[in-house]
Amino acid sequence: MTNNMNPSLNNNAISPMTPQVIQTKFGDINGDGFLETVLLMGTKTPDSPLWKNLTLAIFYGQTHQFEKIMLKQSVGYNPTIFLGDFTGNHLEDILAISDTGGSGGIINGEIFSSINGKMRSIFDAESFNNKLKYTVNYQNQYKVAVRSMNPKKQYIIDLQYKGPDYLAEIYQQDGTLKQPIEGWVDPISGLYPVDFERDGIYEILAYQAIAGRYHADGLGDVENILKWNGNEFIVDRQTVGIFGEDLK
């Protein structure tokens, strides 16, 4: 007697561990004149928007060969890929980004480029974060000094826009600090490809949130423009964006 209730006979069932195609892009990533098909793949966590085992799957147009590359940060939310020339070699590089899901809005980001005929990772946000060192110190007279170690810069933020209640918690009536306070700069929370010079080569605009006494006490953002120098991505320009005061 045949048992028709055996779940293994249900051909329409998809295992939650089955890799799925999340996004597809087309571009010449190795300079052979043929378009490659670049797939971002992963396994969806049941009952969750979290993706695991995030992998690039590349189908080469000329050779019909297939290559898989797992991302260094292979777990994330809302994963996407972007194709563009970041290195100036007139080939399409691959930028993969996903959200970590943390309270600070931190993201994962990695760039792959064809070097000597092989796809290599030339940037990842986690490693680059370790190169970006900052200090955030409250100062007398309602100021915060944000210092960057690379490049060596200092930015002064005026806190008076925060209002009298905020300032009264931190400062004496004469504007001196009640006690020393240190804030911090978060890891990268945004990576945006921008062709600033309109030459077909993308730079990366990287955002990092500046926090004061606690995470929700936002003071602004460090904005780094990252540019390929032939060997690695470096900070080409750096600015700090601050929040404006609401006018009545």
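## Basis of the description

Because the model is predicted, local features need pLDDT of at least 70 and side-chain atom pairs count only at pLDDT 80 or more, whereas totals for chains, interfaces and linings use all residues. Residues are numbered from 1 along each chain as its sequence is written, and side-chain values use heavy atoms, with hydrogens and water left out.

## Aromatic pairs and charges over rings

A search of the whole structure finds 8 aromatic pairs, where rings of Phe, Tyr and Trp (its six-membered ring) pair if their centres lie within 6.5 Å, and planes under 30 degrees apart count as stacked, over 60 as edge-to-face and the rest as tilted. One of them joins Phe 82 and Phe 86 edge-to-face, at 6.2 Å centre to centre and with 70° between the planes. Phe 82 is partly exposed, with a relative accessible area of 27%, while Phe 86 counts as buried at 1%; buried means under 20% relative accessible area, exposed over 50% and partly exposed in between, with a 1.4 Å probe and protein chains only.

Phe 123 and Phe 233 also form an edge-to-face pair, with 5.6 Å between the centres and 75° between the planes. This pair links distant parts of the chain, since Phe 123 belongs to strand E8 (residues 118–124) and Phe 233 to strand E15 (residues 233–242), 110 residues apart. Helices (H or I, at least four residues) and strands (E, at least two) are DSSP runs, numbered from the N terminus. Phe 123 is buried at 4% relative accessibility, and Phe 233 is buried at 3%.

Elsewhere, the charged end of Lys 162 sits over the ring of Tyr 166, 5.0 Å from its centre, and Arg 237 lies over the face of Phe 196, at 5.4 Å from the ring centre. A charge sits over a ring if NZ of Lys or CZ of Arg is within 6 Å of the ring centre and within 35 degrees of the ring normal.

## Pocket and cavity

On a 1 Å grid over the protein atoms alone, a cavity is a set of points where a 1.4 Å probe fits but cannot get out, and a pocket is an open set with protein on both sides within 12 Å along at least five of seven lines; lining residues have an atom within 4 Å of a point. The largest pocket is lined by 13 residues, of which Thr 80, Ile 97, Ile 107, Leu 191 and Tyr 192 lie nearest its centre. Strand E12 (182–194) is among the elements that give two or more residues to this lining, together with strand E5 (76–84) and strand E6 (93–99), and E12 provides the largest share, 5 residues.

The residues lining the largest cavity include Leu 40, Thr 80, Ile 97 and Glu 110. Here the elements that give two or more residues are E5, E6 and strand E7 (107–115).

## Strands around E13

Strand E13 (residues 203–211) is mostly covered, with 7 of its 9 residues buried. It runs antiparallel to E12, to which 8 bridges join it, and Tyr 192 stands opposite Leu 205 in E13. Another 8 bridges join E13 to strand E14 (residues 218–228), again antiparallel, with Gln 208 opposite Val 222 in E14. E13 and E14 form a hairpin with 6 residues between them; two strands pair if DSSP finds at least two bridges between them.
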